[in-house]
Amino acid sequence: MVHAIRIHAQGGPEEMKWEPVELDDPGAGELLIRHLAVGLNYIDVYHRTGLYPVPGLPAVIGMEGCGEVLAVGDGVTGFKTGDRVAYANPIGSYAEERLITAERVVRVPEGIAANTAAAMMLQGMTVRYLLNVTCKVGPDTTMLFHAAAGGVGLIACQWAKYLGATIIGTVGSEEKASLAKAHGCTHTINYRSEDFVARVRELTDGKGVDVVYDSIGKDTFPGSLDCLRPLGLWVSFGNASGAIKGFDIGLLSKKGSLFATRPTLFTYTAKREDLVDSANDLFDLVNRGIVKISVNQTYPLRDAAQAHRDLEGRKTTGSTVMIP
Ligand code: NDP
């Protein structure tokens, strides 16, 4: 018997209950993991509220964790008891221990602490595909990145700076502006007090940016489209303020023959080799100190409800982990 945070219905943070759950022995292809740290991500909020479905109820939510292998199922190769591993999918990480298919797990290099690994897998591999695959960001790229002081945001600022891009980041406070700048953001805009479209136009001499990375959704739509140059790329990859409803594809033509994509990490890492390449690229940048993972909040896992309230209340910066 172990403890986990489960929801019996989708809804507010109060639906998350710390309760005992039974675990079987690992089946063929599975590992039993004891979590050392569990990552907090905005997708956990969508799973909790019902914006995204969960496989069934009751559900252990949470997508990301780092742990130690306790037992190995039949047919698993490449992992043994005692290995330190991490993952960013599938759902079920808000638990002291869990079963997971070995296909979705990677070994964590020695120099990377468990808290760091748990904080960075989902957000870091997301930044990797956003900047290197969805759009090939380089020294000639000018980009707008919303929520630049968040978990994904602070990693994106550092990675994009390393690639040589000019980064305009939106933030919700002056403290967050300083933090984003300290992590490589070229310019910041406080979109709570400034008109971000007008400021982007000003900062780009009226030209607009090459690419907008928008994880805010409802509140920054359609403004984000107005920040783009003709033929620019709108990457809508999240809904922190709520989902965009009734998107009219004709807007892309009216606003300059724009390109649009709505990507998810889970497509970009669906193949085992892509997962391994993504994780290795991320580990490499972290090991070389090019990307530093800011674990700015830590909670006991049993207080996950408070962690969700703080994340939704825009009180967190950088990444957050929860300790079982
Ligand atoms: P963050 O740490 O970035 O937290 C969300 C931030 O969004 C807040 O801190 C806040 O920053 C900003 N925000 C703006 N408006 C709101 C609002 N109405 N309510 C709450 N927050 C708001 O979270 P993550 O790093 O975990 O994720 C960032 C985004 O990236 C999420 O939308 C997530 O779904 C998405 N994502 C998408 C992936 C994909 O593959 N598609 C994978 C990973 C993440 P501020 O106060 O500065 O505005």
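1. Two strands pair if DSSP finds at least two bridges between them. Strand E13 (residues 228-236) and strand E14 run parallel and are joined by three bridges. Trp234 has Ala260 of E14 as its bridge partner. Helices (H or I, at least four residues) and strands (E, at least two) are DSSP runs, numbered from the N terminus.

2. On provenance: this is a predicted model, in which local features need pLDDT of at least 70 and side-chain atom pairs count only at pLDDT 80 or more, while totals for chains, interfaces and linings use all residues. Residues are numbered from 1 along each chain as its sequence is written, and side-chain values use heavy atoms, with hydrogens and water left out.

3. The six-stranded sheet. E13 and E14 belong to an open sheet with the order E11-E10-E9-E12-E13-E14 and parallel pairing. E11 and strand E14 (259-261) are the edge strands, each pairing on one side only. From one strand to the next, the twist averages 15 degrees. Angles here run from 0 to 180 degrees between N-to-C directions, and axes are lines fitted to C-alpha atoms, for helices over the stretch in contact.

4. Helices on this sheet. H2 lies across strand E9 (142-145), strand E12 (209-214), E13 and E14, and runs at about 150 degrees to E13. Helix H5 (residues 196-203) also packs on the sheet, where it touches E9, E10, E11, E12 and E13. The direction of H5 makes about 160 degrees with that of E11. Contact means heavy atoms within 4.5 Å.

5. The H2/H9 pair. Two packed helices are described by the angle between their axes and the distance between the axes. For helix H2 (residues 114-134) and helix H9 (residues 272-287), the angle is about 100 degrees and the axes are 9 Å apart. That makes H2 roughly perpendicular to H9; the classes are roughly parallel under 35 degrees, roughly antiparallel over 145, roughly perpendicular from 65 to 115, and oblique for the rest. H2 contributes Met120, Met121, Gly124, Met125 and Arg128 to the contact. From H9 come Leu275, Asp277, Ser278, Ala279, Asp281, Leu282, Phe283 and Val286. The residues of this contact divide into eight nonpolar, two polar and three charged. In this scheme Ala, Val, Leu, Ile, Met, Phe, Trp, Tyr, Cys and Pro count as nonpolar, Asp, Glu, Lys and Arg as charged, and the others, Gly among them, as polar.

6. Helix H4. Lys176, Ala177 and Ala180 of helix H4 (residues 174-182) are buried (buried means under 20% relative accessible area, exposed over 50%, partly exposed in between, with a 1.4 Å probe and protein chains only). Seen down the axis of H4, the buried residues fall within an arc of 105 degrees, so they line one face of the helix; the arc is that of the directions from the helix axis to the C-beta atoms. The cover over these buried residues includes helix H3 (151-162), strand E10 (166-171) and strand E11 (187-190). Glu174, Glu175 and Ala182, on the other side of H4, are exposed.

7. The three-stranded sheet. This open sheet has the order E2-E1-E4 with antiparallel pairing. Strand E2 (16-21) and strand E4 (59-60) stand at its edges with a single partner strand each, so one side of each is left without a neighbour in the sheet. Two bridges connect strand E1 (residues 2-7) with E4 in the antiparallel sense, and Ile7 stands opposite Ala59 in E4.

8. Further antiparallel pairs. Strand E5 (residues 64-72) pairs with strand E6 (residues 84-87) over four bridges, in the antiparallel sense; Arg84 in E6 is the bridge partner of Glu68. E6 also pairs with strand E8 (residues 106-107), antiparallel and over two bridges. There, Val85 has Arg107 of E8 as its bridge partner.

9. Backbone points to check. Leu57 and Pro58 are joined by a cis peptide bond with omega of about -5 degrees; Pro58 is in the loop between helix H1 (42-49) and E4. Asn89 and Pro90 are also joined by a cis peptide bond, with omega of about 5 degrees, and Pro90 lies in the loop between E6 and strand E7 (97-101).

10. Ala147, in the loop between E9 and H3, has phi near 55 degrees and is partly exposed at 23% relative accessibility. Ser257, in the loop between helix H7 (250-254) and E14, has a positive phi of about 50 degrees and is partly exposed at 44%.
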